[in-house]
Amino acid sequence: RVSSAMGKAQSHLVPKEAEKCLERHRKVMHTVGGYGHDEPGYCEFALSFSGKLLYFDKLGILDKSIKPGRPFDENSLVRLYSMTKPLVATAFLFLLQDGSIPSVDVPISEYLPEFRNMNVQAWNQSTSEPASSEITIKMLIAHSAGFGYGPGPARREPMPSGKKEEKAQETRYKPLVDAVEHGHVKNLDQFCKELAQLPLFFNPGKAYMYGYGVDVLGRIIEVVTKTPLDKFMRDRLFEPLGMQDTDFAVPKDKLNRLSVQYIGNERWDYPRGAPEKSRWFQGNQCPVLSGGGLMGHNSGGLVSTAADYARFLLMVANEGKDVASGKQVLRSDLAVMAAADWLLSGFPDPNNVPGWSDDSMGRDPDWAINPGDGTGCMGFTTSDGFSHGGFSGSRFTVYPFMKIVAVSASEQGQVNELNKTDTDFFMRLEDGMQAATAARGKENTAKKANVKEKKEVPSAKRGTKKVAKPAAKSRK
């Protein structure tokens with residue numbers, strides 16, 4: 001388990017090339033402008049698939065307005081935002097494990113009839129038409145259902161400039177976002193019914209658009225299990241994995257561990273000295289349990305710690321087995337499914353997926369989408385592994401070929417030094433492991449050449465006389 005009691009990270013288990021890169025990264029992080037012991041904090045670490053701590057670093061405090069402040073560490077509570085999605089999408093797989101749902105190809109209208117007979121209206125169209133097919137559960141997770149998102153937490157209004165596609169998307173959902181914010185939408189059931197009244201941006205399964213799909217998935221979990229989403233998550237995922245600090249709200253006895261949220265230098269979520277006014281404080285939290293990680297202007301989604309999230313990632317990485325207890329929490333084939341791509345397999349040409357292979361649906365063109373990259377329960381999938389991140393600055397990547405889980409927790413938002421190349425934890429880890437792989441490759445090549453050279457040296461005793469091969473035996 002990741003905890004302060006673990007002591008020094010076992011860096012000797014990491015190749016020397018990777019250790020060198022990570023130590024250089026640590027030095028930069030502790031000297032770069034904007035960081036320090038009295039600044040908003042972060043925590044980042046790498047674990048082997050067996051749970052051994054390979055690298056660990058932390059710096060800063062929970063609230064820079066209070067000095068001396070409480071140090072930010074692996075047990076600090078952070079808002080997950082979109083990192084809520086992998087938890088909810090993976091929890092859904094328990095319904096397949098239990099046989100409650102036969103397949104991910106089932107239309108969602110089987111469970112949520114309000115999504116039957118949907119209409120479609122492209123972002124640049126003024127009229128709508130009936131959808132050509134139904135939305136399936138798989139499309140919710142692959143973000144190919146046709147849903148988008150309203151204005152994000154960085155602004156209250158649709159984009160005044162920028163891509164027309166994204167502005168149109170946010171404009172369509174703004175009334176729903178405002179209704180949640182002002183308390184007119186009371187729960188996930190009502191949210192889904194309101195969402196179903198709005199037209200899709202494209203026919204289901206025909207493109208990619210990041211949106212409310214996993215929120216709808218959360219409602220399906222509630223309907224099928226007859227259990228509120230938060231209770232289902234606690235019973236089936238959090239408690240079996242020992243994730244004691246993960247929930248949709250923070251109780252009073254843990255409020256002193258909730259980090260202040262900073263976007264740049266601006267303080268968000270609650271005013272100085274009033275953590276009980278946080279939109280994630282128990283009793284004040286958003287009533288719409290967001291499986292996607294965001295509701296209203298800036299609320300919803302899970303709160304967790306880096307240590308808790310690592311327990312979840314280790315379970316998925318070990319094909320459903322909890323490292324701490326050794327128990328099989330999720331069936332192995334379903335854990336493998338969680339880490340796989342769910343998007344590209346639904347298209348005849350995986351290199352030509354509208355909205356994914358291009359920015360035709362408003363996707364940020366800065367996203368580095370390479371051939372073969374996809375998306376699924378765990379977020380983005382590549383040939384190297386799977387990863388995801390949240391608006392507030394936390395991220396993770398799992399590297400199966402290196403058998404490493406890497407987690408970074410922060411509440412410094414998207415406009416901060418953590419996202420610059422020179423200070424990117426994941427890039428430094430990857431650089432180090434790639435250098436180690438290249439070095440091992442050179443060593444193996446040299447060894448093979450040396451062995452070949454030895455074989456070709458004539459024996460001093462036997463000379464160079466060739467020995468005839470025995471005749472092949474007859475097959476008759």
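This is a predicted model: local features need pLDDT of at least 70, side-chain atom pairs count only at pLDDT 80 or more; totals for chains, interfaces and linings use all residues.
Residues are numbered from 1 along each chain as its sequence is written, and side-chain values use heavy atoms, with hydrogens and water left out.

**Exercise 1.** Describe how helix α2 and helix α6 pack.

Step 1. Locate the helices (DSSP runs of H or I, at least four residues, numbered from the N terminus). Helix α2 covers residues 84-98 and helix α6 residues 213-225.

Step 2. The axes (lines fitted to C-alpha atoms over the stretch in contact, with angles from 0 to 180 degrees between N-to-C directions) come within 10 Å and cross at roughly 35°.

Step 3. List the residues in contact (heavy atoms within 4.5 Å). K85, V88, A89, F92 and L95 belong to α2, and V214, L217, G218, I221, V224 and T225 to α6.

**Exercise 2.** Find what surrounds N203.

Step 1. N203 sits in the loop between α5 (188-195) and α6.

Step 2. Setting aside neighbours within four places in sequence, N203 contacts V120, P130, A131 and S132.

Step 3. For S132, the backbone nitrogen is 2.7 Å from a polar atom of the N203 side chain.

**Exercise 3.** Is I135 buried or exposed?

Step 1. The relative accessible area of I135 is 2%.

Step 2. Buried means under 20% and exposed over 50%, with partly exposed in between (1.4 Å probe, protein chains only). I135 is therefore buried.

Step 3. Residues touching I135, beyond four places in sequence, include V106, P107, F147 and L200. The C-alpha atoms of I135 and P107 are 5.5 Å apart, although 28 residues separate them along the chain.

Methods
Helices (H or I, at least four residues) and strands (E, at least two) are DSSP runs, numbered from the N terminus. A polar contact is a pair of N or O atoms within 3.5 Å; within protein, one must be able to donate a hydrogen and the other to accept it, and residues adjacent in sequence count only if both atoms are side-chain atoms.
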